[in-house]
Amino acid sequence: MTQIIAENHWNEIFNICSDIHPPKHLFYTFKAQEGNFDVPTFAPDDKKASDYKIISNAKVKAALNYEFKYPDPMAF
């Protein structure tokens, strides 16, 4: 992102991720169906909500007044 350089945001860490965070088993199932591929199978442990970690993009959006082109990875 050239804006990070232009605005001198050196030595900072930004998470570049979508606004919406579907669990991987839902995302991969959706995309497989959308592409007419075989739906993958997941171990029961892969579907636990308690193991689900969410990364925030709030810092990059606030610091750079940035808006993601695709805020929902299941919408495009």
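The term pLDDT denotes the predictor's confidence in each residue, on a scale from 0 to 100. For this protein its mean is 88, and 89% of the residues reach 70 or more. The model before you is a predicted one: local features need pLDDT of at least 70, side-chain atom pairs count only at pLDDT 80 or more, and totals for chains, interfaces and linings use all residues. Residues are numbered from 1 along each chain as its sequence is written, and side-chain values use heavy atoms, with hydrogens and water left out.

Helices are DSSP runs of H or I, at least four residues, numbered from the N terminus. Confidence is lowest in helix 1, residues 2-6, at a mean of 88, and highest in helix 3, residues 58-64, at 95.

I turn now to charge pairing. How many salt bridges does the structure hold? There are three, a salt bridge being a side-chain nitrogen of Lys or Arg within 4 Å of a carboxyl oxygen of Asp or Glu.

In one of them, lysine 59 pairs with glutamate 12, with the closest N and O atoms 3.7 Å apart. Because lysine 59 belongs to helix 3 and glutamate 12 to the loop between helix 1 and helix 2, this pair ties together parts 47 residues apart in sequence. Lysine 59, at 43% relative accessibility, is partly exposed, a class lying between buried (under 20% relative accessible area) and exposed (over 50%), with a 1.4 Å probe and protein chains only.

Lysine 61 forms a salt bridge with aspartate 19, at 2.9 Å between the closest N and O atoms. Here too helix 3 is tied to the loop between helix 1 and helix 2, across 42 residues of sequence.

Finally, lysine 31 bridges to glutamate 34 at 3.1 Å; the two are three residues apart in helix 2, about one helical turn.
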